[in-house]
Amino acid sequence: MKPSAEQQLQFLQHLQRLFDEGDFVATYKYALLMSLAELAVESGAGDGEGELHLPMVRIAEKFAELYWPQTVPYASGVAGTNPSVLAQNQGTQAAVVNYLSILRAQGAATIAHARQLPGWNGTLRTIASTVANMPLRYLQNVGGVLVPFLYDFPPPRGEVVLKAGVGTMLRTFHPLVQQLARAAWIRHVRGNRLNAPVIGLADELEAFMFGASRSTLAAAGQALSKLQSRRCFYCDGVIAGPGDVDHFIPWSRYPRDLAHNFVLAHAECNRRKSDMLAAERHLERWMERNLRFGADIAAELDGFLADRNCSNRVALWAYEQGIGAGSHGWVAARITEPLGERCLSLLAA
């Protein structure tokens, strides 16, 4: 059974209190909330679910993905600033950043390359221990009192068990959780006195902390250009220039770079689609493309998480949300059409 309006309101009130609290675990609490919300989406469970069991190693992987871009120096380009790795705490650097920096020092240029190093599993275990001892312990403390509305603490060894219905809540309010957590994380980093000599504009900082770099997206565009025979995914017209790398499930809905979620499009098509979900015809072609070329996409876009099933579960969640809200899907130019249940059938097949 879907949580009632009263239960949803109570959940949101508890959630807001977490952001009203002081930064008792620095940026870790924002990373933990984002990780739990993403894992709830990617679990693919439905409304009325019972408890959702999340292995600590999966939460540690999420932490690694979130902090990895921040292990390189941030250069704002603003006069008088000096490139440096951003400080996550007011004192010593966040331990997770230090653990991941060791993998960078061993030659890992991307998170995908880091996963191939012999020290990756050990790093995940260390991150998992840090998460259990810090944000997992203190996240639900409100005014010095434990309010266990997400999970009971202490959890069973090696996992976090979200309470019945919490997974559904996190999927329902995923965009809000992401927005609140990202904004709070950015405010914390910008307000950190240790970052004063480093930081420039806020929008550039957000792109640096949470988005793929321009050079990385350009490399993805080259790979997609070969796979798509230099044709726009949406209109099938020839792409004369480099084209735009578009998030098929819009970044505004699910702000994470997944290899199978990328398509190459004309700049005009990308602009027209904007943050809309694609119409059923495009969804069907996207599913067919990923089924046919999934292994090639994973091989060519090795700098991104390449899990086709994960991308499908994210798409299923996004279209469930869209259909539930009565959204239209983008077809072409200014043409849209209502999203129907067949979209869910395609994704559930």
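Asn312 touches Trp286, Met287 and Leu347, leaving aside residues up to four places away in sequence; contact here means heavy atoms within 4.5 Å. The model is predicted, and local features need pLDDT of at least 70, side-chain atom pairs count only at pLDDT 80 or more, and totals for chains, interfaces and linings use all residues. Residues are numbered from 1 along each chain as its sequence is written, and side-chain values use heavy atoms, with hydrogens and water left out.

Asn312 belongs to helix α14 (residues 308-324). Helices (H or I, at least four residues) and strands (E, at least two) are DSSP runs, numbered from the N terminus. With a relative accessible area of 12%, Asn312 is buried. Buried means under 20% relative accessible area, exposed over 50%, and partly exposed in between, with a 1.4 Å probe and protein chains only.

Ala223 is part of helix α11. When residues up to four places away in sequence are not counted, Ala223 touches Glu300 and Leu301. Ala223 and Ile297 are 74 residues apart in sequence, and their C-alpha atoms are 7.9 Å apart in space.

For the protein as a whole, 15 helices and 8 strands were assigned. The radius of gyration is 20 Å, close to the 20 Å that the globule rule gives for 349 residues, so the protein is as compact as a globular protein of that length. This radius is taken over C-alpha atoms, and the globule rule is 2.2 Å times the number of residues to the power 0.38. The C-alpha trace spans about 55 × 55 × 40 Å along its principal axes. Of the 349 residues, 48% count as buried. Among contacts with a separation of 6 or more, 74% come from residues 24 or more positions apart.

Two packed helices are described by the angle between their axes and the distance between the axes. The axes of α2 (residues 28-43) and α3 (residues 56-67) come within 9 Å and cross at roughly 120°. That angle makes α2 oblique to α3. Axes are lines fitted to C-alpha atoms, for helices over the stretch in contact, and angles run from 0 to 180 degrees between N-to-C directions. Angles under 35 degrees count as roughly parallel, over 145 as roughly antiparallel, 65 to 115 as roughly perpendicular and the rest as oblique. The crossing of α2 and α3 is right-handed. A crossing is right-handed if the near helix is turned clockwise from the far one by less than a right angle, and left-handed if anticlockwise. Residues making the contact include Tyr28, Leu32 and Leu39 of α2 and Ile59, Phe63 and Leu66 of α3. The contact residues divide into 10 nonpolar, 1 polar and 4 charged. Ala, Val, Leu, Ile, Met, Phe, Trp, Tyr, Cys and Pro count as nonpolar, Asp, Glu, Lys and Arg as charged, and the others, Gly among them, as polar.

Most residues other than glycine have a negative phi, and most peptide bonds are trans. The bond from Phe153 to Pro154 is cis, with omega near 0°. Pro154 sits in the loop between β3 (145-146) and β4 (159-162). Arg230 has a positive phi, near 60°, and lies in the loop between α11 (214-227) and β5 (244-247). Its relative accessibility is 37%, so Arg230 counts as partly exposed. Ala333 has a positive phi near 45°. The loop between β7 (328-332) and β8 (335-338) holds Ala333, which is partly exposed at 44% relative accessibility.
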